[in-house]
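Hi everyone, thanks for making the time. I'd like to walk you through a couple of helices today, so let's bring the structure up.

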Amino acid sequence: KQWYQRRVRAQKVVIFGEDFSAHLCATHCSIPHVVVKCINYIEECGMHIKGIYRVAGAKSKMQSLCRSFENGLNLVDLSDKSPHLVSSVLKLYLRQLPEPLLMHANYPDLIEVALRHQDNPEGREDHLSQLREILLRLPKANRYTLRFIIDHLHRVSENEEQNQMRSLNLGI
């Protein structure tokens, strides 16, 4: 079993720009390792850093860190990396997904619910119910990953006084 785990850790895997479900099948994960590793590091080292998701990491360092993730998922050491660099790599991963976590097919329904809420802010429970319905259409892995990210962003916004990242800034 230890031999197998070492072999899996050292396995090269395409991560960035790769199909989400195919990547999860290949790695036997329910949430992409790059998402978990980046978020755990940001929560450990970057929650109080000003503009943690607003300030970008250097492009050359981002490319290098992306290559490191693809050369061995569990071999990546983030301890000497800037939290801004790690948050930039996380955002890049999500931007490069061929199909967004919320999925293209759900986009019209999500927009419709948002517009209805904008026109009628009092119907909050109805809007939340409609959002739940849309989110339940997502594959489980998308829901788990989305939940993991949203929980993290909520914790980031709770540290707004230090990091100056309000929920409005995080939603953009």
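Let's start with H3, where His33, Val34, Val35, Lys37, Cys38, Ile39, Tyr41 and Ile42 are buried, meaning under 20% relative accessible area with a 1.4 Å probe and protein chains only. Helices here are DSSP runs of H or I with at least four residues, numbered from the N terminus. A quick word on provenance: this is a predicted model, where local features need pLDDT of at least 70, side-chain atom pairs count only at pLDDT 80 or more, and totals for chains, interfaces and linings use all residues. Residues are numbered from 1 along each chain as its sequence is written, and side-chain values use heavy atoms, with hydrogens and water left out.

What do the buried residues of H3 pack against? They pack against H4, H5 and H8, with contact meaning heavy atoms within 4.5 Å.

Take H8, residues 140-158: its axis and that of H3 are 11 Å apart, at an angle of about 15°, with axes fitted to C-alpha atoms over the stretch in contact and angles running from 0 to 180 degrees between N-to-C directions. The two helices are therefore roughly parallel, the word for angles under 35 degrees. On the H3 side, the contact includes Val35, Ile39 and Ile42, and on the H8 side Phe148 and Ile149 are among the residues involved.

Now H5: 10 of its 13 residues are buried, among them Leu85, Val89 and Tyr93. Its buried residues pack against H2 (20-27), H3 (33-45) and H4 (59-71).

Technical notes:
Buried < 20%, exposed > 50% of the residue type's maximum accessible area, 1.4 Å probe, protein only. Parallel < 35°, antiparallel > 145°, perpendicular 65-115°, else oblique.
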